[in-house]
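Here is my note on the model, point by point. Please keep the structure open while you read.

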Amino acid sequence: MFGFPLMTQVYFLIPGLLLPEAARPFLSAETLAVAERITRAAAGDAVTQVLTAGPAAASVHLAWLWRVLTRKPLPFASAPYAWLMDQGPELSGEIWRMHFAHDDGTALTDLDGRITNDAAESLAQLLRAPLDQAGFVLQRWDQTFYLTRKTDWGVEAAAWPVLRAGVINRDCALAARSDAAPDALPKAQETVRTINSLLAGARITTDGTQVNFTWIDGGGHGGRFYPPTKIRSVLTDDPAVLGWAQEAGILNHRTGKAKDAETWPGDAPPGECIAVLEDLYEPWLTRDWKTWSEKLPALVTHIETLAAASRIKNCDQALVVACGTTHTVSVPVRLPGAAARALSLLERLRGNSGLTAEAWLFEPD
């Protein structure tokens, strides 16, 4: 596991907490002081790791969770596990997710969740044949579109929120997998271009907005993970992560929603827990530092609330994992009420005063 295995820990995984240097001028002294609350009780130095590159950039939290919960190598697969949470049947082939947007030439407007029944039917009729030619079978559940295929597509795709926000360039959003055929990437790129060209010409609208862009992401194979994870409970609002947790052996009543959670599932046995807190992720993706700063105090309070609650799960230390574009910065933090550990001579000399925000908040180049 990443970092500090000596104590029973609660992990706070926070996408969008690790900021680019370009954000520094937009942060007030008050915002830095709020961020400093997170590491006021730091029990050690910040540890920086590089976890992702290429299409997985800006999905660091998913890469971390995949490796911790499933113990499998990257790249991660999200669509097969979201499919299971949508009550889809277990399949042996690849499963992908299809997303829709309006492209105005400069930015993408996300239309997931806004597709009307009529638009969904028109999209299905338009796309079924070209998808079939590319080796996909369209699986439409109301306004949600999944794709299945018998043979692997051979590529890794950027996650939809990352592509939609423009954090990753569209030209870099697909990459060949290490075991793919030499022509896998150009064929996949041509498939995406063909489908988007069809959408642009079809003029399908949903509530007056043209649906002229699609993206296919999250692909991979589903299945249970062995050996089972040693994590006892997971709080998350991401269906794919929920699927990972449950397929890794965590019973469904030992998982729960992260939003507004004040405690951990009561049935979860004592042991290590993970909370995935995504409050900052959207403003981080869109580089909206004003909104980021406004959301930070509630996030810090949420961490403090769940940290205190984790004591009943026998956790005596927290590990805060701040996620950026390609890096994580992990800081061990003593929990409130935890028995004080004997400090080393070095810790005594430096006063054990915690870490300033500037010591960990900004992502290395």
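This is a predicted model: local features need pLDDT of at least 70, side-chain atom pairs count only at pLDDT 80 or more; totals for chains, interfaces and linings use all residues.

**Notes on the sheet and one surface patch**

1. In it, strand β15 pairs with strand β16 (residues 327–334). The two run antiparallel, and 7 bridges join them. The hairpin they form has 3 residues between its strands. To find your place, look for Leu319, which stands opposite Pro332 in β16.

2. Now turn to the other pairing of β15 with a strand named here, β1 (residues 9–15). Here the sense is parallel, again over 7 bridges. Leu13 stands opposite Val321 in β15.

3. Check both sides of β15, then. Gln317, Leu319, Val321 and Cys323 lie on one side, and all are buried. Ala318, Val320 and Ala322 lie on the other, and they are buried too.

4. Step back to the whole sheet. It is open and has 7 strands, in the order β2-β16-β15-β1-β14-β12-β13. The pairing is mixed. Which strands stand at the edges? They are β2 (47–50) and β13 (255–256). Each has a single partner strand, so one side of each is left without a neighbour in the sheet.

5. β16 is mostly covered, with 7 of its 8 residues buried. It is joined to β2 by 4 bridges, and this pair runs antiparallel. Thr48 stands opposite Val329 in β16.

6. Now go the other way, past β1. Strand β14 (residues 273–276) runs parallel to β1, and 4 bridges join the two. Tyr11 has Ile274 in β14 as its bridge partner.

7. Which residues form the negative patch? They are Asp237, Asp260, Glu262 and Asp279. Asp237 sits in the loop between β12 (233–235) and α7 (239–247). Its relative accessibility is 32%, so Asp237 counts as partly exposed.

Terms used
Residues are numbered from 1 along each chain as its sequence is written. Side-chain values use heavy atoms; hydrogens and water are left out. Buried means under 20% relative accessible area, exposed over 50%, partly exposed in between (1.4 Å probe, protein chains only). Two strands pair if DSSP finds at least two bridges between them. Patches are made of residues with over 30% relative accessible area and no salt bridge: like charges are joined within 9 Å, nonpolar side chains (Val, Leu, Ile, Met, Phe, Trp, Tyr) within 5 Å. Accessible areas come from the Shrake-Rupley method with a 1.4 Å probe; for residues, only the protein chains shown count as cover. A salt bridge is a side-chain nitrogen of Lys or Arg within 4 Å of a carboxyl oxygen of Asp or Glu. Lys and Arg count as positive and Asp and Glu as negative; His and the chain ends are not counted. The place of a charge is taken as NZ of Lys, CZ of Arg, CG of Asp or CD of Glu.
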